[in-house]
Amino acid sequence: MIDHIGFEVSDLATSARFYDAVFSRLGIRRIHDAPAAIAYGSHEPRFWIVQRGRAPAPGYGHVAIQAAGRAAVNAAYEAALQTGGRDDGPPAVRPQYGPRYYAAYVLDPDGLRVELVAGGH
């Protein structure tokens, strides 16, 4: 079980614009805001972006963010593309993960892979 996850980012303001847009479509809000760190969650900070002067390392893995349904996946995907994200797999059913698994993949401004998923469990 994950308590929280944190990503090193190269530009906190750029990444914050990206994640503000994506998370707002999923009902997730900014919970913590400091000069070098921002955290998101529903009630507690679970997803952190931090800027510590270290280069991010794209391609080391991904984070999967649960969405309320297909419409939320689609909206978050579009928001990601409009705020500096890049497509890494458009919204679609992913039967290899289950009959109801619907997901989209985007790369955030630093190239970190973000999965938006509905019907996963």
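Figure 1. In helix 1, the buried residues are Leu12, Ser15, Ala16, Phe18, Tyr19, Ala21, Val22 and Phe23. Buried means under 20% relative accessible area, exposed means over 50%, and partly exposed lies in between (1.4 Å probe, protein chains only). An α-helix has 3.6 residues a turn, so residues three or four places apart point the same way. This is a predicted model: local features need pLDDT of at least 70, side-chain atom pairs count only at pLDDT 80 or more, and totals for chains, interfaces and linings use all residues. Residues are numbered from 1 along each chain as its sequence is written, and side-chain values use heavy atoms, with hydrogens and water left out. Helices (H or I, at least four residues) and strands (E, at least two) are DSSP runs, numbered from the N terminus. Helix 1 covers residues 12-24, which makes 13 residues. At 1.5 Å a residue they should span 18 Å, and the end C-alpha atoms are 17 Å apart, which agrees. The expected span is 1.5 Å times one less than the number of residues. Aspartate 11 caps the N-terminal end of helix 1. One of its side-chain oxygens lies 3.1 Å from the backbone nitrogen of alanine 13.

**Figure 2. The sheet with strand order 1-4-3-2.** This open sheet has 4 strands and mixed pairing. Strand 1 and strand 2 stand at the edges, each with a single partner strand, so one side of each is left without a neighbour in the sheet. Neighbouring strands are turned by 20 degrees against each other on average, direction ignored. Axes are lines fitted to C-alpha atoms, for helices over the stretch in contact, and angles run from 0 to 180 degrees between N-to-C directions. Two strands pair if DSSP finds at least two bridges between them. Strand 1 (residues 5-8) runs parallel to strand 4 (residues 47-50), joined by 4 bridges. Isoleucine 5 has phenylalanine 47 as its bridge partner in strand 4.

**Figure 3. The hairpin of strand 3 and strand 4.** The hairpin has 5 residues between its two strands. Strand 3 (residues 37-41) pairs with strand 4 in the antiparallel sense, over 4 bridges. Alanine 39 has tryptophan 48 as its bridge partner in strand 4.

**Figure 4. Arginine 30 and its salt-bridge network.** Arginine 30 sits in strand 2 (residues 29-34). Its relative accessible area is 30%, so arginine 30 counts as partly exposed. A network of salt bridges links Asp20, Arg30 and Asp33. A salt bridge is a side-chain nitrogen of Lys or Arg within 4 Å of a carboxyl oxygen of Asp or Glu. Side chains of opposite charge can pair when their charged atoms come close. Between arginine 30 and aspartate 33 the N to O distance is 2.5 Å. The side chains of arginine 30 and aspartate 20 are joined by a polar contact of 2.6 Å. A polar contact is a pair of N or O atoms within 3.5 Å; within protein, one must be able to donate a hydrogen and the other to accept it, and residues adjacent in sequence count only if both atoms are side-chain atoms. Leaving aside neighbours within four places in sequence, arginine 30 is in contact with Ala16, Asp20, Ile38, Ala39 and Tyr40. Contact means heavy atoms within 4.5 Å. Arginine 30 and tyrosine 40 are 10 residues apart in sequence, and their C-alpha atoms are 4.4 Å apart in space.

**Figure 5. Two further salt bridges.** The structure holds 4 salt bridges. Glutamate 44 forms one with arginine 46, with the closest N and O atoms 3.2 Å apart. Glutamate 44 is partly exposed, at 44% relative accessibility. Arginine 46 is partly exposed too, at 36%. Aspartate 88 forms a salt bridge with arginine 113, with the closest N and O atoms 2.5 Å apart. Aspartate 88 lies in strand 6 and arginine 113 in strand 8, so the pair ties together parts that are 25 residues apart in sequence. Aspartate 88 is partly exposed, with a relative accessible area of 33%. For arginine 113, also partly exposed, the value is 27%.

**Figure 6. The sheet with strand order 5-8-7-6, and helix 2.** This open sheet has 4 strands and mixed pairing. Its edge strands are strand 5 (62-66) and strand 6 (86-93), and each pairs on one side only. Neighbouring strands are turned by 15 degrees against each other on average, direction ignored. Strand 6 and strand 7 (residues 102-107) run antiparallel, joined by 5 bridges. Glycine 89 stands opposite tyrosine 105 in strand 7. Helix 2 (residues 70-82) packs on the sheet and touches strand 6, strand 7 and strand 8 (113-118). The direction of helix 2 makes about 10 degrees with that of strand 7.
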